[in-house]
Amino acid sequence: QLVPLFVIIGSGGVGAGLYLMRLAMFNPDVCWDKKNNPEPWNKLSPSDQYKFYSVNVDYSKLKKDRPDF
């Protein structure tokens with residue numbers, strides 16, 4: 001009778017681990033290589049989608065509204 005509980009808790013733990021791994025690998029706020037790319041958030045274009053889910057935003061139509069550094 002505890003098998004469904006273990007399946008649900010296990011799948012939740014695996015999902016949380018996969019989401020954490022996604023954040024660590026693809027989030028522009030995380031910098032693993034400080035020598036070659038010390039500020040990766042400055043190299044994002046407005047058309048880059050780094051959010052997991054965005055509501056009613058078409059990133060391909062966004063234009064640049066900030067200066068280059």
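What percentage of the chain is helix over residues 6-25, and how far apart are the end C-alpha atoms? Please bear in mind that this is a predicted model. Over residues 6-25 the chain is 100% helix and 0% strand, and the end C-alpha atoms of that stretch are 28 Å apart. The range itself comes from UniProt, where an unreviewed entry places the feature "transmembrane region" at residues 6-25.

Let me turn to the chain as a whole. It contains one helix and zero strands. The chain has 69 residues, of which 9% count as buried. As for contacts with a separation of 6 or more, 13% are made by residues 24 or more positions apart.

I now come to the surface. Which residues form a nonpolar patch there? The patch consists of V14, L18, M21, M25, F26, V30 and W32. Together, these residues have about 820 Å² of accessible area.

One member of the patch, W32, deserves a separate word. W32 lies in the segment after α1, the helix that spans 3-26. Is W32 buried or exposed? W32 counts as exposed because its relative accessible area is 66%, and the cut-off for exposed is over 50%.

Thank you for your attention.

Conventions:
Residues are numbered from 1 along each chain as its sequence is written. This is a predicted model: local features need pLDDT of at least 70, side-chain atom pairs count only at pLDDT 80 or more; totals for chains, interfaces and linings use all residues. Side-chain values use heavy atoms; hydrogens and water are left out. Patches are made of residues with over 30% relative accessible area and no salt bridge: like charges are joined within 9 Å, nonpolar side chains (Val, Leu, Ile, Met, Phe, Trp, Tyr) within 5 Å. Accessible areas come from the Shrake-Rupley method with a 1.4 Å probe; for residues, only the protein chains shown count as cover. A salt bridge is a side-chain nitrogen of Lys or Arg within 4 Å of a carboxyl oxygen of Asp or Glu. Helices (H or I, at least four residues) and strands (E, at least two) are DSSP runs, numbered from the N terminus. Buried means under 20% relative accessible area, exposed over 50%, partly exposed in between (1.4 Å probe, protein chains only). UniProt positions are given in the numbering used here, feature names are shortened, and annotations may be inferred rather than shown by experiment. Contact means heavy atoms within 4.5 Å.
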